[in-house]
Protein chains: 2
Amino acid sequence: MSENVPPQQSQSQEPEQDHDHDHESLNSPLLSREHRSTNSTSQVAIVGVNLCSIESLDYEIAENDFFKQDWRTRGKIQIFQYIFMKWLLCFLIGGFVSLVGFCNNLAVENIAGVKFVVTSNMMLAGRYEMAFLVFFLSNLGLTLFAAIITAFIAPAAAGSGIPEVKAYLNGVDAPGIISLRTCIVKIMGSVSAVSSSLLVGKAGPMVHTGACIASLLGQGGSRKYGLTWKWLRFFKNDRDRRDLVTCGAAAGIAAAFRAPVGGVLFALEEMASCLPIVLNCGCGCACNVAVVAWTSGLLWRAFFTTAVVAIILRALIDVCLSGKCGLFGKGGLIMFDVYSANISYHIADVPPVLLLGAVGGILGSLYNFLLDKVLRVYSIINVKSITYKIFIACAISIFTSCLLFGLPWLASCQPCPLDTAEACPTIGRSGNYKKFQCPPGHYNDLASLIFNTNDDAIRNLFSRNTDSEFQHSTMLIFFVTCFILSIVSSGVVAPAGLFVPVIVTGASYGRFVGMILGSHTNLNHGFYAVLGAASFLGGSMRMTVSLCVIILELTNNLLLLPMIMMVLLVSKTVADAFNGNIYDLIMKAKGFPYLEAHTEPYMRQLTVADVVSGPLQLCHGIEKVGNIVHILKTTSHHGFPVIDEPPHSESPVLYGLILRAHLITLLKKRAFLRTPVRIGAEAFNHFSADEFAKKGLGNVDRIEDINLTDEEMEMFLDLHPFTNASPYTVVETMSLAKASTLFRVIGLRHLLVIPKTSNRTPVVGILTRHDFMAEHVLDLHPILVNSKWKRLRFQLPPFLQIF
Amino acid sequence: MSENVPPQQSQSQEPEQDHDHDHESLNSPLLSREHRSTNSTSQVAIVGVNLCSIESLDYEIAENDFFKQDWRTRGKIQIFQYIFMKWLLCFLIGGFVSLVGFCNNLAVENIAGVKFVVTSNMMLAGRYEMAFLVFFLSNLGLTLFAAIITAFIAPAAAGSGIPEVKAYLNGVDAPGIISLRTCIVKIMGSVSAVSSSLLVGKAGPMVHTGACIASLLGQGGSRKYGLTWKWLRFFKNDRDRRDLVTCGAAAGIAAAFRAPVGGVLFALEEMASCLPIVLNCGCGCACNVAVVAWTSGLLWRAFFTTAVVAIILRALIDVCLSGKCGLFGKGGLIMFDVYSANISYHIADVPPVLLLGAVGGILGSLYNFLLDKVLRVYSIINVKSITYKIFIACAISIFTSCLLFGLPWLASCQPCPLDTAEACPTIGRSGNYKKFQCPPGHYNDLASLIFNTNDDAIRNLFSRNTDSEFQHSTMLIFFVTCFILSIVSSGVVAPAGLFVPVIVTGASYGRFVGMILGSHTNLNHGFYAVLGAASFLGGSMRMTVSLCVIILELTNNLLLLPMIMMVLLVSKTVADAFNGNIYDLIMKAKGFPYLEAHTEPYMRQLTVADVVSGPLQLCHGIEKVGNIVHILKTTSHHGFPVIDEPPHSESPVLYGLILRAHLITLLKKRAFLRTPVRIGAEAFNHFSADEFAKKGLGNVDRIEDINLTDEEMEMFLDLHPFTNASPYTVVETMSLAKASTLFRVIGLRHLLVIPKTSNRTPVVGILTRHDFMAEHVLDLHPILVNSKWKRLRFQLPPFLQIF
């Protein structure tokens, strides 16, 4: 009977394998030189602005007997429920996200609109100091509100949110990334931050909001208030939740930019790093029954979600067209309509456009570099205290207000053009010609851009037939201001997206290039602004297909397509020579253990045995309760290999893997055995599938909350029915690169390492996400840091290495 | 010394495991009841119109010591070469495919155009019989030419080509799918088949052509003519070739529809079933060195390729705009421009559009069903003899000619509208109003559609402000004719795409619905035609995002987006209830062992041991040459597990997997050892990496061509340096569903099955693609055929089950 052996000793059989280590080093079981350290790298990360400990998500199906039995008993009705719920949830996600996106826009346009109308009217009356005071105080108040709710209620809502959602979809779980509290703060904070004239976007926050809404809908309301729905029980696992969050993220982009196809592609290209495109539909089985071809199920559902967003947004905008929405601007699904039937370009236009793309790429990578540095500085300050955070937010708001109000005074007043269709100077809120301080019949061109909402500034920059509207100096000042403001604003403790700042900065850069080229080009300046925005987006975000489609959907001009593709490719290529994608840089700065799509070159030189760290905790198929409690209390692991030993089997064999959450559920139920025997099918009567469902929102049961009597501690549990009998395994000599591919592509949380030779324990280690992190590997094998494989990896150009 | 044991006996140790089979059936090593049959299902398939034996592709990197050593010796220059070549090849693919696409269009427009002009002129002169004869004979001649070159030179070029390319990207290798001969026949055959007024498309053939061009460029010219380039040596593996073929397929769609973004998405959604979206860049290592963020490398390169296509096409069309291209129509990158600024739709338009989508979905699935049946009938006839094939082609051509020329006589002549901007009746080639037999001032509306090229018919159907042009009966006749002709034409022994026929049929259906609705709708009939085409495409092809983008790019109207999305979703959902995607049906009919993205429900109830079939052939780490020759001659396997036994190791251990191709290379080199010792690094001096490169175009060395002396047969080979020491493995108790996911997602060719208990041979089986096929599994376990899991899977509605 091996039940009395404490678990720490059970794997002490293995390190006695050193004797064949001198010869045949290629073949020897490498795990014999075992690392007795625990891997503590990348266990914490900055979520929003606070430091949190992080876990992995369980995307793999724990295919144990209990699960199989539960699945076998499901009839057609349950399968119908599952599929119906899947589509209903997508519909609801689309509905809620489009409503939130619409209300968000409505609120921003009205709050910011009233602010600008009031200040403009005061300036019309000559009360400039009063106007500044109103502008300054309303901005400060709004920023303060956003900062306070973010800092005190939901710190995870700070920032763009896209890095957090991206990490979540990669399998990283951190408390608060996705919760009701975060969701509400994100929506309110985003509205007030954008309205406060900070140069921050609302697309990133919308993606995060969409992800939160999707996850919350999947939770099925609150159990506390009795709002759960039985049909939602199939969604109580990370796998289905991940699919919903992907759809939510797609809906977020679709609602923010009114770009449904772009949203789907964004979710695919940027977010779903870890999902194979042909992800086989959540529970993997039920859906096969109803429909025959379900190859790209997730893609299809994401498409459905964004279609719902598009249709609802379209209907809501139709309502607003009749003027019932206050200051909400007109316009359909397309935000910046730059259609002109007469756009034509020729070979002569290609070289300047290529140059624009290349310089845009350099500027974009510089933007990424500076943003990364600024965020790192901010995060050092942020950990000190909440007062500092809020102080920074106020300082940035004051700085922004001064710049926005002060800079237009530098620009000289321009006489209104005679042949324009628009009113000049504009009296209302939006329009191309702001009066600001100018005499009647004149307009201030810098104020038209800078003393305006970001959306209106972009619209002005993209507008065609306005080539003579702006002066060179105006455009240069605006570009530099945007570049600086967008970098300093993004680290503020409030929801702050990056898309819109990048588009504004890029559009001003592009328009400036167009103005410099002047008569040497056939293209109008508005088109150059679009290309400039594309080059900046390509240089900073480094997406291709999705950005291309988003720009097309934003501007509604397919004739521009070849040019936009060219600019995106050039800028991405140039920028990739310097540094990474902005979201990857932020994730790295925040410390998320993100599994990269590519493996490091040196991983090919290592085997899994070289990185796996011990000691390993094992359970037996029939284990004493006391031992289980001991293991759970002394370790923080989330999965334990289960082995069968004599007399229950002839020789020690690996039975499978059991999850901590399932062990705790078993302990809570107290269905213990007096003797160590296998119970088999009887187990299914004691438990219901719901008890093993993964709870959302970080509601995990803790072992410390379970109090067992001494008598119970001496009893036994048969773990077999609850053990995943089909865990993925690798042999210890497997190359680390291949194991890493397996881990990432299948979306695992635990990967068991089995020995090469047969005369050892049946499992010699367990790999988790943290073991594949570059820091951990380099920490164990410092020689690789300066090896050829490592050095070649970071090819920073010399002029950036001085930092 | 175990070298003298014949390989067949070496695994005879394993089946003595039955004694613990009575108790613990859940735990017992299931492989003990081993299947002694060999798996012969799905080893042959119909490629084009001929039956061929098929193999799998090696997507996994054979990570042996030799490969690692070769890789270690690569310097920065080689890595630069690799990356440079990768992009250069994409550029060349884009260039060649766009040229071919352009010439293809040019040739079709001119050949078909001359034909229609000549016949029209004869009819204008009243010589109707002569006109029919010219029309009939030219069609017959063109069809005959296409059929003869296809049947005699390259049978693999018949049909759409998309199923073949899809199977290739899934990992299925069949001779001739991708070769120079196929490529040339596909281009020429497609031009003549489309010009011959058969209702066949050119998009599918373009995809196949693109794939062929990509693969041929990757081959690096012909070794026979000394046209190889040293820099191409890195592409001599299936992995890099697959990436190129994906880019080629994307370029094909981009060139056929002038839809660059749609092309990328098509390649992603439809083709890359087996590729995880974050496919890590070919050789997996070299590219990491130069660029830091390379997450979606393949996506990016496909995008680059289609951007090249778009830019070159745009330039070529610019040249044609000045009228130098004969009868080639005008128009830019957008084929069917339906832009109208005043399109507006309201809630009231939604129900009819939903209905249109639903009925379109039913018709689309009916189309798939009938096409599948017709193709099966054709393939029975086709295997008989070439004469039959060509006879069928001629019969269909005659049938088509008669219908096209005969049907317009049924339609009554319409008086020309007075307010049209176009000439009426049209005298030239294209235009909305064909004169046909009508008196001056009148036009034949059916002839305008049917006696025209497919592109012009689509343009006429999509045209707006022509709501009164067509009569109800005309549209109905045209719809039925298209439906029938497109089904019977697609099985013809000539390149014959499906996209254009489906679009024509769908557009006529949509326009018919629009005409029926008449004044009950605000939308014009051209828009209904677009929606009808969308519903038919959705119902037949079952793609969503890519079709949506392709339709947008074809019609240049983003305002239609929400409607198109809705129609696609509805039609796909409805059609999925009946049967599968058209390409999947064709692949199934042709017998390709396509790995589905979803696993069958019953696979979750089986373990890998339940399907793996024996006998297993093993090699030893140091093996006698005679044994290797024996194994290679007596089996047709392509991978052999390599085990080390005492005295080379303490106990039998699995060393890895060696490929047949590598064994043959070793035998050809004759670098044998006199004594069984390990040679280690010395091996690297004898061989160069090029010798192990995978040859293209099915040029494999055969074991029968190698003649060894008796003395050599008694010598030894050290296989260790050439064995992939990191093969993917699964334990025999792994669930089949999970193993199948692993196999598909990683893109494996061989998956080793290792025993659960340690006292058996270190490897008990090997899984290949064929072992996961439903037919094989059901053949082994007939009880599953009628089980709940199986029955639920095929939910054909009762009215279709009568067939």
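**Close-ups of a predicted model**

**View 1. Helices H12 and H13 of chain A pack at about 135°, with their axes 8 Å apart.** H12 covers residues 350-382 and H13 residues 386-406; helices here are DSSP runs (H or I, at least four residues), numbered from the N terminus. Axes are lines fitted to C-alpha atoms over the stretch in contact, and angles run from 0 to 180 degrees between N-to-C directions. That makes H12(A) oblique to H13(A) (under 35 degrees is roughly parallel, over 145 roughly antiparallel, 65 to 115 roughly perpendicular, the rest oblique). This is a predicted model, so local features need pLDDT of at least 70 and side-chain atom pairs pLDDT 80 or more, while totals for chains, interfaces and linings use all residues. Residues are numbered from 1 along each chain, chains are lettered from A, and side-chain values use heavy atoms, without hydrogens or water.

**View 2. Here's who meets whom between H12(A) and H13(A).** Tyr378(A), Ile381(A) and Asn382(A) from H12(A) touch Tyr388(A), Lys389(A), Ile392(A) and Ile396(A) from H13(A), contact meaning heavy atoms within 4.5 Å.

**View 3. Helix H15 of chain B (residues 454-462) is largely enclosed by the rest of the structure.** That's because 8 of its 9 residues are buried (under 20% relative accessible area, 1.4 Å probe, protein chains only). Among them are Asn454(B), Ile458(B) and Phe462(B). The cover over the buried residues of H15(B) includes H14 (445-450), H16 (472-489) and H17 (499-517) of chain B.

**View 4. Met541(A) has neighbours such as Glu270(A) and Phe499(A).** Leaving out residues up to four places away in sequence, Met541(A) also touches Leu498(A), Val502(A), Leu547(A), Asn581(A), Ile582(A) and Tyr583(A).

Terms used
Helix = DSSP H or I, 4+ residues; strand = E, 2+ residues; numbered from the N terminus. Buried < 20%, exposed > 50% of the residue type's maximum accessible area, 1.4 Å probe, protein only.
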